[in-house]
Amino acid sequence: MSAARGGAGDVRSADHVTGMTPQDEEILLRIAASPHVHSPHSTPRIMWTVTATLVPLVAAAAWWFGPSALLVIGAATAGAVLTERLFGRRGALGDGSAAITGILLGLILPAGFPMWMAFVGGAFGIGFGKLIFGGLGQNVFNPALLGRAFLQAAFPTAITTWPADTASWWALRGDNFAWPLMSPETADLVTAATPLGAWKFEGVETQLADLLIGRTGGSLGETSGLLILALGVFLALKKYLDWRIPASILATVALFSGLLHLLDPVRYAGPMFMLFSGGLMIGAVYMATDMVTSPVTPRGAWIYGIGIGLLVVLIRVWGGLPEGVMYAILLMNAMVPFINRATQPRVFGHERKQREAAA
Amino acid sequence: MLSDLLRSDTFRHGVHPPERKSYTESVRIRRMPFPDEIVLPLRQHAGRPAIPLVRPGERVERADKVGEADGFISVPIHASAAGRVRDVTLWPHPDGSMAESVVIEVDRWSPQLPRPRIVAQWEGLEPEQVVREVQKAGVVGLGGAAFPTHVKLLPPKDTPVHTLIVNGAECEPYLTTDHRTMVEYPERVQFGIRIMMKALGVEKAIIGVEKNKPDAIETLRATLPSDLDVSVLPLTVKYPQGAEKMLIEVVTGREVPTGKLPMHVGVVVQNVGSIACIAEIFETGQPLIERVVTVTGPGVRRPSNLLVPVGTKLRDVLEFCEGLTDDASQIVFGGPMMGSATPDLDTPLIKGTTGVVVLTESEARPRQVHPCIHCGRCLESCPVFLNPSLLGSLAQAGRYGEMEESNLMDCMLCGSCSYVCPSHIPLSQMFALGKNMLRRQKAKENAA
């Protein structure tokens with residue numbers, strides 16, 4: 001008898017088949033439930049492709065913010081991956097979702113952020129944002145954003161310290177190597193406002209060209225608006241993200257802020273500024289589209305996106321914070337179970353709900 | 001009419017598995033020689049199994065009845081070759097179970113001619129008589145579900161039928177059974193349509209064929225009868241276009257209400273193979289004792305379309321196709337989307353066997369299951385608009401009652417959700433189990 005191919009659990013021997021194989025050897029046949037063919041997609045392939053698209057963003061962050069960018073992103077990723085390894089399912093690292101969380105968290109932190117804090121953020125995001133719910137697929141909130149929300153609450157100063165451009169690319173943009181449990185040294189640090197901060201607190205609007213390519217202050221990965229948009233289009237074409245979500249977020253923000261701008265151009269910034277400043281682009285393309293924490297129904301995706309767009313403008317214009325993308329997405333994450341339930345499509349051959357009520 | 005202009009030539013959702021029909025789509029149907037032994041399960045159709053009429057040792061001629069229909073939703077079974085009954089015993093069935101079967105040792109020296117018989121003249125028959133002839137011949141749906149054909153020919157008086165839909169979609173990958181039937185026997189198909197239209201009393205018949213069979217569409221169009229309203233409707237290539245409900249929606253624009261039959265929207269759907277089979281009854285008097293089967297896939301040396309005596313064992317069919325390749329790893333009865341895999345080469349091919357697909361490791365290998373990431377691909381594939389993601393999590397928790405509330409019973413187990421799931425969750429397998437559990441529960445409640 002020849003050796004079984006692959007695993008043995010589902011293989012049964014089909015006895016001698018005369019003349020079927022050259023040496024009259026026995027063959028082993030698999031049995032399994034239908035369907036017996038499968039599309040080429042797989043969850044690890046989706047996750048690792050998304051991870052691969054983050055590489056250009058990390059490169060852009062390094063270009064604008066120097067070695068500090070790599071240190072912060074590396075620390076956050078290490079925190080996320082290590083936590084998944086220690087407390088997650090066996091082999092869960094292979095699906096790539098922890099790496100995405102870590103890199104995304106790093107990309108929404110400032111360049112001068114201490115590495116130990118980034119590490120804690122990554123660990124918190126995976127531990128309390130994902131594993132506590134039961135691991136991949138079970139969590140309610142985007143783990144990277146939850147990690148950042150935790151850091152915002154724990155280290156409000158460090159996370160809003162936006163270093164100014166330094167003369168040398170090699171210079172660190174802050175006290176990345178601060179000792180664990182120690183606050184970073186900020187005495188000699190030159191800071192600069194983010195575009196949203198400058199607009200909100202000083203009434204200064206940043207040049208659009210700078211916003212598009214990322215020559216502004218802000219979190220590591222959020223500045224290169226055009227690059228993020230291009231990566232988003234790529235992922236949408238590959239169907240690795242639901243295009244409806246970024247489309248509805250961006251359209252809502254553009255419409256809402258455009259309307260306000262028309263009413264009072266001095267008080268309210270224009271739609272292009274709103275679209276390309278702050279974390280809106282990376283939020284709309286990478287955070288809001290997290291499959292686990294966004295609605296499964298196409299109609300639900302529109303509602304979810306519009307909700308995020310409205311909240312972003314509300315917080316930016318009337319809220320106490322200059323930026324509201326993180327809280328807008330987290331709030332709508334919480335709404336997802338309700339959106340899913342309310343937007344179930346009508347089952348084939350069933351009456352519409354309203355008609356049932358009327359009848 | 002406006003509604004005609006707006007009408008799409010496909011349904012919404014569905015999936016696009018690779019078609020892989022090129023193995024056999026232009027291969028002529030060959031008649032397979034009689035094997036040494038044939039196995040005729042008494043359950044080859046939906047409904048009650050047939051009752052055996054023969055005993056071990058008895059001599060049967062070709063086309064003799066060996067099993068009698070048990071009631072109206074049942075059909076008789078006929079010997080597909082002359083010989084001696086060896087046994088009536090439990091035998092492996094294509095669905096994976098064991099079924100009571102008549103085993104016949106084929107007489108090698110018999111000319112395999114049927115007994116002299118009277119062929120019914122269809123023109124003079126009342127619809128009820130046509131229905132009786134069709135049942136007598138043991139005809140079932142040859143598209144795979146094997147529902148007794150005559151039952152569909154007798155609509156209740158309160159649901160008038162206006163259109164006959166002929167199903168030539170053949171949306172399962174690999175299979176070319178219906179395709180070759182349409183290309184090689186178009187006159188027989190047209191004759192069968194004529195008889196069915198008379199029996200049903202309908203004015204209109206539409207043949208639905210997926211656009212990946214241009215030669216079938218052309219041949220059927222060239223042979224359309226001039227005195228009847230029969231037309232060919234080319235359909236978009238998409239799985240499961242050949243599912244009855246999907247086909248009806250495309251042709252009529254109407255959805256069959258849940259739990260209702262196609263008659264409810266005034267249509268009857270029949271597979272082209274069944275229609276050709278009905279034509280045969282009124283041409284030669286031959287009951288359903290042989291059928292066209294596609295034997296194909298990367299694991300078969302010589303992919304073929306065969307005219308196979310019902311009851312021929314898988315082993316004989318594969319040997320006739322020059323055997324398996326070295327990397328063959330799975331044998332599927334039916335198409336790869338809904339068919340069942342068998343490990344036993346003694347399993348017979350039955351009336352409902354549309355094809356035998358032999359897959360290799362590259363397609364049939366087991367895949368690692370990951371957690372559901374709620375990507376929504378299954379929702380966008382489900383042709384009946386269920387939420388497989390939700391149903392799957394309920395199934396894992398064994399919450400079958402809640403699955404029923406989420407319309408599990410509307411699932412037709414087409415496998416589209418499992419096909420697209422990137423986490424390789426065996427959704428349709430879980431749904432088949434769920435439906436079975438619910439049915440068993442219902443039966444228990446009724447018994448109590």
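This is a predicted model: local features need pLDDT of at least 70, side-chain atom pairs count only at pLDDT 80 or more; totals for chains, interfaces and linings use all residues.
**View 1. Helices α2 and α4 of chain A pack against each other.** Two packed helices are described by the angle between their axes and the distance between the axes. For α2 (residues 67-87) and α4 (residues 115-129) of chain A, the axes come within 7 Å and cross at roughly 35°. The crossing of α2(A) and α4(A) is right-handed. To find the contact, look on α2(A) for residues including L71(A), A75(A), G79(A), T83(A) and F87(A). On α4(A), the partners include M115(A), F119(A), G122(A), I126(A) and G127(A). Sorted by class, this contact of α2(A) with α4(A) holds 13 nonpolar, seven polar and one charged residues.

**View 2. Q207(A) sits in a loop of chain A.** The loop lies between α6 (195-202) and α7 (208-213) of chain A. Is Q207(A) buried or exposed? Q207(A) counts as exposed because it has 11 C-beta neighbours inside 10 Å, and 12 or fewer is the cut-off for an exposed residue. Look also for F273(A), which is 66 residues from Q207(A) in sequence, while their C-alpha atoms are 8.5 Å apart in space.

**View 3. Chain B meets chain A.** Here 43 residues of chain A are in contact with 62 residues of chain B. On the chain B side, the elements that each supply at least two residues are α9 (314-320), β15 (328-333), β16 (340-342), α10 (361-364), α13 (416-420) and α14 (427-447). Which element of chain B gives the largest share? That is β15(B), with five residues. By class, the side of chain B that touches chain A has 31 nonpolar, 19 polar and twelve charged residues.

Definitions and conventions
Residues are numbered from 1 along each chain as its sequence is written. Chains are lettered from A and ligands numbered from 1 in the order in which they are written. Helices (H or I, at least four residues) and strands (E, at least two) are DSSP runs, numbered from the N terminus. A residue is buried if 20 or more other C-beta atoms lie within 10 Å of its own, exposed if 12 or fewer, and partly exposed in between; C-beta atoms are placed from the backbone. Axes are lines fitted to C-alpha atoms, for helices over the stretch in contact, and angles run from 0 to 180 degrees between N-to-C directions. A crossing is left-handed if the near helix is turned anticlockwise from the far one by less than a right angle, and right-handed if clockwise. Two residues are in contact if their C-beta atoms, placed from the backbone, lie within 7 Å. Ala, Val, Leu, Ile, Met, Phe, Trp, Tyr, Cys and Pro count as nonpolar, Asp, Glu, Lys and Arg as charged, and the others, Gly among them, as polar.
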